[in-house]
Every structure is written in structure tokens, then in C-alpha cells.
Amino acid sequence: MSIPSRSLTARPEWRALAEHYKTVGKSHLRDLFAADPGRGERLTAEAAGLFLDYSKHRVTDETLGLLVRLAEACDLSGRTEAMFNGEKINITEGRAVLHTALRAPRGATVFVDGHNVIPDVHAVLDRMADFSDRVRAGVWLGYTGQRIRAVVNIGIGGSDLGPMMAYRALRHYSQRDISFRFVSNVDGTDFAETVRDLDPASTLFIVASKTFTTLETMTNARSARAWLLAALGDKAAVAKHFVAVSTNAAEVAKFGIDVANMFEFWDWVGGRYSMNSAIGLSTMIALGPEGFRQILAGARAMDEHFRTAPLAQNLPALMGLLSVWYSSFFDADTVAVLPYDQYLSRFPGYLQQLTMESNGKRVTLSGAEVDYQTGAIYWGKPGTNGQHSFYQLIHQGTKLFPCDLIGFCRSLNPLGDHHDLLMANMFAQSEALAFGKTAEEVASDGTAAWLVPHRTFPGNHPTSTILADTLTPAVLGAMVALYEHSVFTQGVIWDIGSFDQWGVELGKVLAGRIVSAFRSEGDPELHHDSSTNALIRRYRARKVTR
């Protein structure tokens with residue numbers, strides 16, 4: 001794959017946007033709607049069960065046209081085809097990027113190094129389905145002959161965030177006589193509290209680590225094995241209570257897991273893009289194979305939309321281009337993701353890794369330092385909870401950042417007028433954020449003059465509203481793919497590598513050196529800075545050894 005060499009800010013399309021920003025950047029949404037009353041119906045797009053209203057963004061038709069031209073100049077369509085076709089667009093690791101192949105239909109062809117990977121994908125999915133059916137039906141039994149009543153996924157990063165988010169989002173559809181839990185933090189409290197009320201004889205652990213050497217995951221896995229053996233005694237029990245998602249058969253067998261119960265995934269699947277792979281085994285056990293296939297179908301529908309729809313009607317491309325607009329021209333540092341559905345409580349956390357690990361980069365594909373803002377900080381929590389914590393800053397603070405509001409026309413748990421109240425709040429917040437309340441409007445209510453500034457809302461805060469009929473497995477799959485391709489779009493425009501994560505390596509290396517110092521006899525020679533050396537000595541002196 002060729003690496004773009006032309007500086008982004010030198011492109012005429014970028015310069016045109018910079019000039020355009022000088023004009024439209026200070027426009028108020030009140031004025032944009034007054035000048036274009038139909039924009040609320042016109043600036044929308046729809047695909048794969050999702051409806052996007054982006055009319056409450058600080059853009060005009062000219063803005064959108066300039067953004068599309070920038071995408072065309074950066075060859076977004078060509079780079080998209082390169083990804084879908086298995087070219088090695090992860091250039092620093094020499095890897096293809098094929099999370100889209102995980103949801104490709106049986107019979108499709110996608111080649112990596114001359115090998116069609118689709119039959120491999122479906123072979124693993126079939127093995128996952130067979131295993132999931134046996135656990136769900138009570139055919140797979142623990143060492144003492146008991147049914148599995150609890151599944152604990154042990155992973156970290158994408159091996160934890162994806163399956164945990166998916167389970168919580170789709171818990172309505174899960175098999176309720178099995179509980180599902182997730183351990184990721186190397187803090188022993190995470191493991192201890194997760195298993196505190198579980199019965200080892202009816203607990204199944206899924207250890208998710210491609211190399212089966214990930215420090216945090218394997219530390220927790222060894223603690224889980226010790227917990228199991230303390231209760232059941234026989235090492236043979238490990239094979240009935242542990243399965244692996246990995247590619248390292250030797251380490252899996254050494255741990256005591258039957259390699260027949262090792263589910264494979266590939267180096268062309270990045271961790272934060274892996275929830276549709278064998279990493280989703282816990283999701284498949286929870287939902288059943290058909291529910292998991294619906295997730296894949298929803299993601300596939302969004303894949304095809306992204307690949308084929310014109311950029312001006314393309315949901316992921318539009319969201320990605322709007323993100324570039326705010327990050328690089330308005331210097332907006334963050335994006336708030338505000339789901340108005342309790343099931344999506346972990347969705348903002350999932351997006352944090354997807355977006356920030358992907359586009360938190362400071363150099364271009366050619367290694368040159370960027371001279372523009374790249375990835376934003378993503379954050380958020382369910383809507384009405386947020387309204388009583390951080391919405392004050394959004395409405396009347398000094399910072400600008402776009403917000404994504406996500407909601408559904410029908411509740412999975414209809415209860416009185418709860419859902420009407422929930423959605424009324426969502427629509428009201430997007431309206432209030434856009435239009436605010438002027439000083440004149442406040443004064444007209446009879447407010448004392450001195451109090452008017454305190455009760456004025458400036459508005460002009462940009463929002464995207466994403467609506468679907470109901471939260472289903474297919475809709476969740478489409479939402480995940482929507483954000484995946486939005487992230488990709490941003491990376492293409494910024495000319496950065498969205499699929500490596502070298503930034504997480506340095507801390508791991510240093511942690512290994514420090515833990516060696518913790519375990520050393522006597523007073524080890526330390527080679528860190530004075531602060532770190534002093535902290536290590538204080539910790540060694542004061543920690544309690546059991």
C-alpha cells in the first residue's frame with residue numbers, strides 16, 4: 001500500500017475548509033435553522049436500521065461539500081477498498097485489517113497472502129456455535145457433573161471491553177439461568193469480587209489472550225485456576241472449567257486446557273475490533289448462535305453501506321468527517337456519547353478504546369509529526385444520569401464539544417410512561433444544546449436583571465442524534481460498525497495509522513522492570529528517575545507480605 005506523502009494542511013481542499021471555517025465557524029445554529037427551515041428533514045441519513053440526524057451541527061451545504069471533497073482528495077474510497085480487500089494497511093506491523101471479514105457471508109472470498117480467510121472464519125464460528133449450544137443446553141458439564149451456571153470471561157482491552165459491552169447491551173436476549181461476568185483488571189479485587197458468590201463446580205472460565213502470555217490476563221487466569229483447584233482438588237478439573245481464545249496451542253495445553261477447546265482468531269484482527277471473532281464466545285453463549293449471527297448481520301449491513309453509499313449519504317463517513325471538522329478546525333478536544341438506554345451503559349467505555357487507541361496518534365503514516373489535532377477524547381454515560389452530573393458544563397460551560405445522543409423508539413422493558421419521559425429528555429437536550437435560551441427570553445419571563453446572565457443558555461452546541469426502532473443484536477452490530485468506520489474515516493483524512501497501538505507498550509516494559517525490583521532480595525540497584533526510585537523504595541518498605 002502506498003503511503004500518502006502530501007501534507008494534509010497543504011492540500012487545497014484543507015485550505016478551502018480553513019477559509020470556510022472563518023465564515024461559518026462563528027455561525028449560530030439558531031441562524032442556520034432560520035435561514036434553512038428544512039434542514040431538520042434534509043440533513044439526515046439512514047442505513048442498517050439506524051437513522052442519523054446531523055442537522056444540529058455547525059455546518060452548511062457548502063461545509064458538507066468541502067468535507068466530501070477533502071475525503072475524495074484523501075482517497076477515502078480507495079483506502080476503504082484496500083481495507084476490505086485485505087491489503088496490509090496496518091503498515092507498522094505489516095498486517096491486513098479485516099474485522100469486516102469476521103462478518104462476511106459464508107462463500108465470500110477475502111485473500112490474505114493468497115489465502116481465502118472466509119472458510120477459516122466460518123469454521124471457528126461453527127465450533128463456537130457447537131460449544132455454545134452444549135453449554136446452554138447443559139450438555140457440557142463441569143468436573144463434578146454439574147451444569148454450568150456462571151461464565152467468567154478473563155481478558156483485557158478488546159478481549160474484555162467488547163464482550164462485556166455486548167453482553168450488557170443485549171442482556172434482554174440472554175439466557176437467564178447462566179450468569180456472565182468479566183475480569184480484566186490485574187487488581188486482585190476485580191477477581192475476588194467477581195467469584196465471591198460463585199460455585200467452582202458450576203463455573204466456566206474463558207481465557208482470552210492471543211499469545212496466552214498477556215501479563216494481566218494470565219495473572220488473573222492463574223488465580224482462577226488456583227481458586228478452582230482449591231475447591232475441586234484434581235488438575236483434571238481444569239479442562240472441564242476452562243476454554244481458551246488464543247493461537248498459542250503450546251501455552252494453552254501447558255495451562256491445562258484441552259486444545260480442542262481453543263478458539264482461534266488471527267493477527268489481522270485488532271483487539272479493539274475483535275468482538276465479532278472468537279473473542280465474542282461469551283456473547284454467543286449468552287445470546288445463542290442465532291443471536292450472535294444477528295450481530296454479524298447488522299455489522300455486515302453497515303459494512304456494505306459504508307463501502308457502497310455515496311459519501312454525502314454515508315453514515316460512517318459523515319460522522320467521521322464531522323469529527324475531523326470539530327477536532328481539527330474548532331479544536332474541540334472531546335466527544336460525549338450519551339445513550340438514552342440503560343442497556344448501553346458500557347457503550348461509551350467501549351468506544352473509548354475503539355476511538356482513542358485507534359486515532360490517538362501524533363505522526364502520519366510516513367512518520368512526520370502532524371500539525372493539526374487528531375483523535376478526540378471520548379467519554380459519556382447514560383443520558384438522564386448525565387443530565388444530573390455533567391450536563392451543566394455542556395450547557396453553560398466554556399468548552400465546545402460535539403455530542404452523540406443515541407435512543408430507541410421502543411423500549412425493551414415498557415413500564416408506564418418511563419420511555420416517553422426518557423425520549424422526551426433526549427430530544428429536549430438536543431434542542432436546548434442547539435438553541436439555548438437568550439438573555440431576552442430569560443428577561444421576558446420576569447427574571448430579575450442581575451439573575452439573567454446566570455439563567456442564559458448560549459446554545460450552539462453541536463449534536464448528532466442516532467435513532468433506531470429497538471435495541472436488537474443486529475442494531476448493536478450496526479452501531480459498532482458505524483463507529484468503526486467513522487474512526488477509519490478520520491484516520492484516512494488525518495493520514496495516521498488507526499490500527500496499531502505502540503503507545504501502550506512503553507508502560508508495559510517499565511512495569512516489568514519495576515515488578516522485578518519489587519521481588520528482588522535486599523536493596524536492588526534502581527535505574528529510574530528520582531521520583532520513581534523513591535516510590536519503589538517506599539512501596540517495598542511499607543507493603544505487607546502475606
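**Close-up views of a predicted model**

At 11% relative accessibility, Phe 330 counts as buried (buried means under 20% relative accessible area, exposed over 50%, partly exposed in between, with a 1.4 Å probe and protein chains only). The structure is a predicted model, in which local features need pLDDT of at least 70 and side-chain atom pairs count only at pLDDT 80 or more, while totals for chains, interfaces and linings use all residues. Residues are numbered from 1 along each chain as its sequence is written, and side-chain values use heavy atoms, with hydrogens and water left out.

View 1. Rings of Phe, Tyr and Trp (its six-membered ring) pair if their centres lie within 6.5 Å; planes under 30 degrees apart count as stacked, over 60 as edge-to-face and the rest as tilted. By this rule the model has 27 aromatic pairs. One of them joins Tyr 21 and Phe 330 edge-to-face, at 4.9 Å centre to centre and with 80° between the planes. Tyr 21 belongs to helix α1 and Phe 330 to the loop between α14 and β10, 309 residues apart; helices (H or I, at least four residues) and strands (E, at least two) are DSSP runs, numbered from the N terminus. Tyr 21 is partly exposed, with a relative accessible area of 26%. Another pair, Tyr 273 with Phe 499, is tilted, at 5.4 Å centre to centre and 50° between the planes. Tyr 273 lies in the loop between β9 and α12 and Phe 499 in the loop between α20 and α21, so this pair ties together parts that are 226 residues apart in sequence. Tyr 273 is buried at 2% relative accessibility, and Phe 499 is buried at 11%.

**View 2. The packing of helices α1 and α14.** Helix α1 (residues 12-24) packs against helix α14 (residues 315-329) at an angle of about 75°, with the axes 12 Å apart. Axes are lines fitted to C-alpha atoms, for helices over the stretch in contact, and angles run from 0 to 180 degrees between N-to-C directions. The two helices, α1 and α14, are therefore roughly perpendicular (65 to 115 degrees; under 35 counts as roughly parallel, over 145 as roughly antiparallel and the rest as oblique). The contact (heavy atoms within 4.5 Å) involves residues including Trp 14, Leu 17 and Tyr 21 of α1 and Val 324, Trp 325 and Phe 329 of α14.

View 3. Six strands form an open sheet with mixed pairing, in the order β1-β2-β13-β12-β10-β11; two strands pair if DSSP finds at least two bridges between them. At the edges are β1 (44-47) and β11 (377-379), each pairing on one side only. Strands β12 (residues 403-408) and β13 (residues 463-468) are paired in the parallel sense over six bridges. Cys 403 has Thr 463 in β13 as its bridge partner. Helix α20 (residues 473-494) packs on this sheet and touches β2, β10, β11, β12 and β13.

View 4. Five strands make an open sheet with parallel pairing, in the order β6-β5-β7-β8-β9. The edge strands β6 (179-183) and β9 each have a single partner strand, so one side of each is left without a neighbour in the sheet. Helix α7 (residues 158-169) lies across β5, β6 and β7, running at about 155° to β6.
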